[in-house]
Structures are given as structure tokens and as C-alpha cells.
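Here's a quick briefing to read alongside the model. Have the sequence and the 3D view open while you go through it.

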Amino acid sequence: MQESLRSERVRSFSDSSRESTIGAAFLTQTIALDEQTTVKFEIWDTAGQERYKSLAPMYYRNANCAVVVYDITQASSLDKAKSWVKELQRQANENIIIALAGNKSDLVAEQPDKRAVPTADAEAYARESGLLFFETSAKTAENVKELFTAIAKKLPIEQASQRGMRGPAGRAAGVDLGTRAESGNTAGGAGGCNC
Amino acid sequence: MSKKVDSTRSSETQSPTVESGNQNATTSSDTSTSDRCDEPIDSSLELRPPLPPRPSLLERGNTAAGGSLRLSKRAARPQLQSQATTALSLADVHTANRLETSSPKSSPASRAVSRKPSLTPSAHQPSIAVSEVDDGASVRSVVPTIGTRLDGESTLGDLIEGAATPAFKALSAQIERANPFDAVLAEDDNLSTQMQHEFQNVESMNKDGQNEEALLNIWKAKLKHFFILSASGKPIYSRHGDDQLISNYIGVVQTLISFYQGAKDPLKGFTAGDARFVMLPKGPLNLVAVSRMGESDAQLRTQLESLYMQILSTLTLPSLERMFSNRPSTDLRRPLEGTDVLLDGLADGFTRGSPSTLLSALECLRLRKSHRKVVDETLLKVRSQNLLYGLIVAAGRLVSVVRPKKHSLHPGDLHLIFNMLFEAGSVKAGGGENWIPLCLPGFNNTGFLYMYVSFFSTSEGALSPEAERPSSAGKDDELAIVLISANKDSFFELRQMRADLVAQLEKNGSMAVIKTAIRKGHASCSDITPGTVLKHFLYKSRGNVQFTMPSFEPHFHGLIAKRKLMSLYHNLHDSIHSRTAHLKVQHTVAYDATALAWETPLFELYCVASSNASRAALVAGANKVVSWIRREEERVFIIGGAVF
């Protein structure tokens, strides 16, 4: 999972002016919560560009969780992220778990003066809006696994079992993963910093 | 220009497909098309003024029939049998040199100053400048072709000793190299040296501007530039250099364009030094190409058209027009954000030289007729409800296509898709599966379609899209399944179709056949036409709007050799497509190659051989190619395709 998330995020954020997602990519990843439980994520990765905005509802309509990503080296990207959060809270599934991810922590680790969004600010916003919060690096995969593990843990257990959380690892084949509605969790990665 | 010629000619050849009752069918199908397309994506949905009137349906129906890839069997087959001839008729033969063919193009009527680096800087008096150059051109009867002495004589066929004198032959035998195109000669134009740096990025300017001059020199050394600016002069796209670096030049371009627009006499092109500038106004946009690679105006204009289509593909025409009618000073870079890679991919393709763009045609993967039939039938069998077009594409070559009866596929649209998938890299970098809204301007420039894309590596055992594709996988072994729908919610439906399709293709062995064909690559020229002097050729079937060619190896290695070959093809193409040319056959001799262009209502053929090949041998080779195509037509071209 890390690998693909990393490649996704690297493309979307490390060099956003040259390359960014065209349309949306659909990925599936499985994460092991503990020995008993694995969660299969079905992930829509979108660039969050304005011209695709009317498509966004299709991605979050049946989603159980959403990761909204901003760029900690660009203050304006947090504002974009906030408007996405607002839209999700208004439009999406009412039980949706929203996580806020401040990306490019690797860049700031190297050059601290590049930071444009203080951690405390974003954290405070996340707390009052009821979001999970991590500062991540797409490049080094820092906190990416933690982020998804936190989401997986926060999924209500009954929802999780309904929605395709697998039982003990050995019985994985018994789980119906045939249709999307019943198979796992959709995370819309809406990247604020590309807007 | 060549595009215009193309479309009129192809409509001639396709006329049998347009029956009397067919016009209605086309019209009604277009109506349903616009209905099925979604409205353009826009966040400011509420504030939108009424859409501009749609172009008349009839008109669109016509254009669709004209320039599009109509994979109809009837279009080509009967004609082929009755009309194709492998014999070149004498009446069609002209021997013309480059100067003669290119100078009439810059006649006052075309309003463009001659492409020759003229000594007349008075570009604002083009008619005078042109007539001067024309005079000079006709006086300077430099003959690069050696064979022009044979005016009324048979210039082809049974020519003894061909074009060259014995002395020349002896000489050329001495200078003959194994692969002259591979050699980088000192006296070569700057192409060879500059080509290596052509695709490197110009860095951005330092804050203090100290490196400006160095960067400008790098920037100016580029062989080719593309600029897109808005009618009010705002930069939208430039292949090389950032805003800071190019803003002055954009200003100059804008001044030039608006000066002539003010005079109600738009500037189409001019030459400065060794660079040719070509302008293409498109609604609220101006597109500019600057090339030092010797392409004709028409060819550069085709390239600009393609960039424009890419912009439409991102925005749709109504949305583009609305933005500029609301605010003429709109900064289009914002809505186009993220599509630079696509424009760069197209631009670099043109700089490298793309047979597909030159010929406005597609290339197909060579498959046995029976194998292709199985693939077609599989596509039809697993076709899902909301599918509009389905494509299987291998390394930029079409394997199979499934389409509704009423809709053909426009080569320009397919070129945009192929560019997105295989050149720009941003789709396949995502791995997995993709869902991409896009407008196919040749199909319908007013609305979006939705494209499901999934890539496979054809290397062993990596067929699951979830398996990590090896990063080393070259673009030559990539297989993409592209499913296009007008319904934006049909992702999961098409995803299921992809799964069914792959399972079926695996089961009936087609997948293995396709993979083998991909791995085999292009056949070499000596396999196709054994015993001839040919080193490379391009064959375009006009009825099918498709082309085929042999491998570049073993004669053309690397970027520069290929580009030189493509430049030669561009010259040949230009000489039989320039407006005043009535050439059917063009024979050219240069120090590194002899070449032949031959066009009939059914096909265009361009052949290249080494410089000491006689004309007769070249013609023999050309005839061999034609008979090979006749034999293999249903393998190298998709004729019909899967239609529902």
C-alpha cells in the first residue's frame, strides 16, 4: 500500500506544476490492522482540480472515508482543503471519516523555512472540525501508513464487517468482494494544493 | 493546408459510403450524440449564460463523414480491386525540385512571405517581397535532383543507368556509408547537435536575473517553439522557458498578430533568419509555431491544430468561448492546469517527428485477419450497455476497436488519446485504473465523455492491474484497454467489462497472440520487400485513414537519424500536398538518400533508399510495397472493426 500511495502522492505533490493526476485513478490496497483483521481500501485519487469539481460527488458519494491533502509549503492550499472538507461534511455520507493530511513534510524537514502552514494551526482546525490529522510525506511515505491505519481503526466495527472487513486472515476467500458497495472503503484523496 | 487537401480527398474516396439516405442517419446520430454527452464540467454552473448556438447538425454530420476514420469495409475494398495499379503512368510523372514546389506556395494569394530566408525584411509589404523572391527562385534553378534532365523522357521504369552519370556513381560509391542517416556530419545543419538538447528543460530564472542571458541562449537554441496566447495577449502555454523569460517575446508576437488583425489581414506566417513562424488564430486563442526544422506552413499548422484540439479536449469549445466572452482577459492557465504534460507530449512528438501526425492517420498492430476477428467478436460479446467506443491499444498502435455503427472515430481524437496514454506518462504513472473525463473534439466538441483506462504490461505474467508494473517496462510492450462512455457514472460497469474482456481474451488465446505481435514489433523493410533498395517507407491508406511502416532499424538508429528521415518525409509530403502541386510522383535525390513520393486516390506512399539507388530500383521497391500491402491489407489495417 505504501508503495502505491507513495507514487500517487509523489506525482501529485512533489512537483505539482509539471505533473498532476489527469482525471482520477482508482486503486485498491489492503492493510492489515492486526493478525485478525485486514481492511481493503478502494481508493479514488483525484487531483482536486477545479474543472473536475462536478465529478467529485461521484467519488465521495458512497465513500466511508476521505483524505483531504494540502501542501504545508503553500498557505492557500489549506484554504482549498477547508472548502473540500466543508463540501464533504455537507454532501457526503454523514458517517464519513475525514482525514486532513499536510503533505511535503520531507521538504520542510530539509528546509524549515519553506513551511507556510504551522502544524498547530492545521491541528487546531482539524480538532474543531472533527478530522484526523497527520503531516505526511508522499516522497518518503512518512506517516502514510499511520494515516490509513488510523482511518481503518476509526471505521465502526459493524460497518467495517458489513463493508467487507475480512475476518481472520485464513478465511479471506469467504468474503464477498463482488460489488463495490459491499467491498471496503473508498477514500477520496482530494488534493488541495493543486487547485 | 495539407489537412484541407486531405479531407477533401478522403471524402472523395469515401463517397461510396455516403448513400442518399445516409445523410439523415448521420444527422440523427449527431443529435443523439449531443444528448448523450454531459454538459461541460464547470463549478460555476449556476452563473452560466446560455450556451452559444450549436453548429448546424448537417454541417457537423458532413465533417464527421469527411475527415474521420471510417472503418468501413465498403469504402476501400471494391475500389482497391478496380483501381489500384502498381504501374506508374507516365502522364503523372513530374520531376520537380524543392524550390519550384515550395515557391508557389508563398504566392501573394496565400499572404505568407516565402519560407526561403529572404533578404527582404519588409514583411509589412509581403506582396512585393514575395514577387521578388519568386523571381529569384525561378532564376536560381538549382537542381538538387540529379535526374531533371529527363523532361519528356520516361523518368521512371526502364531507365538505363538511372539518374546518375557513371562518374557520379563511382563517386557516390566511395562516399557511401552504411547508415548515412546515423552519421553526424560537421556540415550538417544545427539539427544534429541541437536535437540532443532539444527536450531539456530551460531552468527558471534566478531571482536576481543574473542567469537570464545564459538561459535566453539556451532558449533561443531550441529548434522548435510552440506558444499559445489569448487574443488579448496573455500567455497560456509555451513549450520552453518560463513566463519571466518569454514574456517579452510573447509581447512581440502579440504586437505582430494584432497589427495585422487591425489591418483586417491576419498574419499567417513569416520567416526570420532560419526560423519559420506560423500563426493560427482559433477563436479566442492564437497559436504560434516557430520551427527551424524546415517543415511547411501547412504541416506546422496541422501541429498547431492538434494543440488546439488538446485544449478543447480539456475544456470543450462552449466552455472555452464562455470564459472569454465573460472575461476577455481570462487567464486560461488555471483551468488548463495539469495539462501541460499533454501539450508537451504533443509538442515533443512533433519535434521528434511523428508519421501519424504527418499523415493524419493511425497505425495498427499487424495481426492475422482471423485473429483480429476473434478479438473483435470478443469485444462485441462483452460490450456493456453504456459503452460508446472500446479500444485495445498496444504501444501506440491500434489492435482493435468496437464502435457504434453511426459513429466513426476521428484520427485526431485518437491521437489525443494515444498521446495521453503513451507520451505524457501521467496516466500510466498512476498505475491501476483511471477514469478520465475528456472531450473528443472530432466527435463532439461541446461535451465530455468519460474514459476508462487500464494498462497491462505484456511481459510475462503481469496481467493483473494491481500488480506493480515494472518501471523498466518500455513503452513498446504496453497494452492499454480504453473504454469510453458518455455516462459519467459508468466506471464500475466498464471496469467489469474490462475484467470480462481480459478473461475472454485470455481464454481464447487472443491475449497471447496480441502479446506476441507486440513483442515482434515492426517487420523490417528487408523482410517486407526482400531484395529491394528500400530502407524505409510510409504507406497511408486513404480510405482507412491508417498508415503502416517498417521498423526504423537497422538503418535508422536514434533520435537524430529518425528525425532526419522524418524531415525527408515532411519534404516529400509537402511536395505532393502543396496547394499548387499537381504531382503524383516526386523523386528526390540528396547526398544521403534518394526518395520517392507517390500518391493515388487510394494511397500515399513515401519510400527512402540510399543515395546511390537508381530510380528504377526505387520504383521497383515501391511497387513491391504496394503489392505487399495488397496481400496484407487486412492484417496491417483495421478494415471494418467491431461495429454494433
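How many helices and strands does the secondary structure of chain B come to? The count is 21 helices and 17 strands, where helices (H or I, at least four residues) and strands (E, at least two) are DSSP runs numbered from the N terminus. This is a predicted model, in which local features need pLDDT of at least 70 and side-chain atom pairs count only at pLDDT 80 or more, while totals for chains, interfaces and linings use all residues. Residues are numbered from 1 along each chain as its sequence is written, chains are lettered from A and ligands numbered from 1 in the order in which they are written, and side-chain values use heavy atoms, with hydrogens and water left out.

**Chain A overall**

- Chain A has 7 helices and 6 strands, and from the N terminus on they run α-β-β-α-β-α-β-α-α-β-α-α-β.
- Of its 195 residues, 55% count as buried (buried is under 20% relative accessible area, exposed over 50%, partly exposed in between, with a 1.4 Å probe and protein chains only).
- Take the contacts in chain A with a separation of 6 or more: residues 24 or more positions apart account for 71% of them (contact means heavy atoms within 4.5 Å).
- Chain A exposes about 8300 Å², and carbon and sulfur atoms supply 46% of that (areas come from the Shrake-Rupley method with a 1.4 Å probe; for residues, only the protein chains shown count as cover).

**Chain B overall**

- Chain B has 644 residues, and buried ones make up 57% of them.
- Among its contacts between residues at least 6 apart in sequence, 71% join residues at least 24 apart.

**An annotated stretch of chain B**

- An unreviewed UniProt entry puts "domain: FUZ/MON1/HPS1 first Longin" on residues 224–345 of chain B (positions are in the numbering used here, feature names are shortened, and annotations may be inferred rather than shown by experiment).
- Over residues 224–345, chain B is 45% helix and 25% strand, and the end C-alpha atoms sit 14 Å apart.

**Two helix pairs in chain B**

- Two packed helices are described by the angle between their axes and the distance between the axes.
- Helix 11 (residues 297–315) and helix 12 (residues 317–326) of chain B have axes that come within 7 Å and cross at roughly 90° (axes are lines fitted to C-alpha atoms, for helices over the stretch in contact, and angles run from 0 to 180 degrees between N-to-C directions).
- That makes helix 11 of chain B roughly perpendicular to helix 12 of chain B (under 35 degrees counts as roughly parallel, over 145 as roughly antiparallel, 65 to 115 as roughly perpendicular and the rest as oblique).
- On the helix 11 side of chain B, Tyr308(B), Ile311(B), Leu312(B) and Leu315(B) meet Leu317(B), Ser319(B), Leu320(B) and Met323(B) from helix 12 of chain B.
- By class, the contact of helix 11 with helix 12 in chain B has 7 nonpolar, 1 polar and no charged residues (Ala, Val, Leu, Ile, Met, Phe, Trp, Tyr, Cys and Pro count as nonpolar, Asp, Glu, Lys and Arg as charged, and the others, Gly among them, as polar).
- Helix 13 (residues 340–352) and helix 20 (residues 558–577) of chain B pack at an angle of about 75°, with their axes 8 Å apart, and are therefore roughly perpendicular to each other.
- Phe350(B), Thr351(B) and Arg352(B) of helix 13 in chain B meet Leu559(B), Arg563(B) and Met566(B) of helix 20.
- That contact of helix 13 with helix 20 in chain B has 3 nonpolar, 1 polar and 2 charged residues.

- Asp489(B) is in the loop between strand 11 (478–485) and helix 17 (491–507) of chain B, and is partly exposed at 43% relative accessible area.
- Leaving aside neighbours within four places in sequence, Asp489(B) is in contact with Met58(A) and Arg61(A).
- Ala620(B) is in helix 21 (residues 615–636) of chain B and counts as partly exposed at 40% relative accessibility.
- Ala620(B) and Thr532(B) are 88 residues apart along the chain, yet their C-alpha atoms are separated by 7.2 Å.
- Lys104(A) is a residue other than glycine with a positive phi, near 75°; look for it in the loop between strand 4 (97–103) and helix 4 (105–110) of chain A.
- Lys104(A) counts as buried, at 10% relative accessibility.
- Ser360(B) also has a positive phi, near 50°, and lies in the loop between helix 14 (355–359) and strand 6 (362–363) of chain B.
- With a relative accessible area of 22%, Ser360(B) is partly exposed.
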